[in-house]
Amino acid sequence: MCRMLLYKGNQPIQLAHLLTKPAHSIINQSFDSRLRLDTRRPINGDGFGVGWYESEPDPELGAAPCIFTSVTPAWNNMNLIRLADKIKSPLVFAHVRASTAGSVSESNCHPWQYGRLMFMHNGNVADFNLIKRKVQESLSDEIFLTVNGNTDSEWAFAVFLSQLKTPLQAEPFCHSVLKEAMLKTIAKLNAWGKEAGITEASMMNFAVTDGVSVVCSRYISSRTLEAASLYFSSGTRFESYKPGHYRMIKADKREDIVVIASEPLTFEKADWLTIPSNTVVVITSKLNVLMYPIVDEYHNPTVAVVQGEGRGDGARDQRHREVVFVEDHRAIPTVPAVDSPRPDKEQSTMGHSDSAARDAPAQALASTAPVMVA
């Protein structure tokens, strides 16, 4: 499977601080991913993409993101390294690809853009060929003609666009509108799969943004299997304290930076929290982070839970910054320095397992009430 990363901050960040400089940057994850479930494809070398928005609105440039993609491996593309050193942005998507469907071509590299929207995916829609005709028939001509590649991921983006009344609107979307479109997309793909008799689980870690708010999901159509890994970190500064080593600084109660990634970028285990399986995460325009359990037939209340403190809705009290996820008690693996040789038998530490047997009991979030990360 692929690896993906997104950043949203009050201030623009140099892309190199996310893409190239950390010892476990998204580029390093293209050849050294530690938490992938699919060990048959250990290398994410089938292309990459990075998308970003302008720091300041410019009528001449418009609200659409700029996207750079290539079919060369991310670790071997000098243009990416040069661009990362010279570009700053307050909202960045990055993706390294290990193809599960579709050819190796630039049209199949994530992220994709439609108007001001940008979308990427880590995972796969199971047996997509069995539902592809259904997906295509559900689309308007306008959206159908926007698909240039042949991946399940880009068709999923087309389904997402179809859930919006005005996908090409010039104004930013309300984050709740993007969230509902995400949930409807997952539900439709599940329904079509069920109609086709597909029993294999789909992994749908989707991320979408309009340049103002962000919505992403960690999801698998199974009550017992584990979704592809997804972590988040937030604070006031993301800084390097020695070459290759970064940490998230939490100087006060403000959240000026939010990073979501398939794998942690830093060595600091306390910086990263696991997003529970079958959860949708919303980053609002004001950098509030809201988490909603996806309550459907695959909802497992022993997984999508948070230990709340001081509030009846499951959210942490405003005095507490961190959220403790009961979903996963295993430690984030230590990433060796970049010059350390990787063991030949290094494999994912997160295999398919029964989450219910693994997790400690806690109060379930039985409704779609959000969990706010203060």
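This is a predicted model: local features need pLDDT of at least 70, side-chain atom pairs count only at pLDDT 80 or more; totals for chains, interfaces and linings use all residues.
1. The main core. The largest nonpolar core holds 39 residues. Those that touch the most other members are Ile131, Val135, Phe160, Met182, Leu189 and Phe206. Several elements give two or more residues to this core, including strands S5 (112-114), S6 (117-124) and S7 (203-209), together with helices H6 (152-162) and H7 (175-195). Helix H6 gives the most, with seven residues. As a general background, nonpolar side chains tend to be buried together in soluble globular proteins.

2. Setting aside neighbours within four places in sequence, valine 135 is in contact with Phe128, Trp155, Val159, Leu189 and Trp192. Another core, of 26 residues, lies apart from the largest one. Among its members are Ala16, Trp52, Tyr231 and Ile257.

3. Helix H7. This helix has 21 residues, and the distance from its first C-alpha to its last is 30 Å, close to the 30 Å expected at 1.5 Å a residue. Its buried residues include Leu178, Met182, Ile186, Leu189 and Trp192. The buried residues of H7 fall within an arc of 165° when seen down the axis, and therefore they line one face of the helix. On the other side of H7, Lys194 and Glu195 are exposed. Just after H7, glycine 197 takes a positive phi of about 75°.

4. The whole structure contains seven salt bridges. In one of them, glutamate 263 pairs with arginine 3, and the closest N and O atoms are 2.8 Å apart. This pair links distant parts of the chain, 260 residues apart: arginine 3 belongs to strand S1 (residues 3-14), while glutamate 263 sits in the loop between strand S12 (257-261) and strand S13 (273-274). Both glutamate 263 and arginine 3 are buried. A salt bridge also joins the side chains of glutamate 226 and arginine 218, at 3.8 Å from N to O. Glutamate 226 and arginine 218 are both buried as well.

5. Arginine 237 forms a salt bridge with glutamate 239, with 3.4 Å between the closest N and O atoms. Arginine 237 has a relative accessible area of 41%, so it counts as partly exposed. Glutamate 239 is also classed as partly exposed, because its relative accessibility is 24% and the buried class requires a value under 20%. Salt bridges that share partners join Arg237, Glu239 and Arg247 into one network.

Key. Residues are numbered from 1 along each chain as its sequence is written. Side-chain values use heavy atoms; hydrogens and water are left out. A nonpolar core is a set of buried Ala, Val, Leu, Ile, Met, Phe, Trp, Tyr and Cys residues joined through side-chain atoms within 4.5 Å. Buried means under 20% relative accessible area, exposed over 50%, partly exposed in between (1.4 Å probe, protein chains only). Helices (H or I, at least four residues) and strands (E, at least two) are DSSP runs, numbered from the N terminus. Contact means heavy atoms within 4.5 Å. A salt bridge is a side-chain nitrogen of Lys or Arg within 4 Å of a carboxyl oxygen of Asp or Glu. The expected span of a helix is 1.5 Å times one less than its number of residues. The arc is that of the directions from the helix axis to the C-beta atoms.
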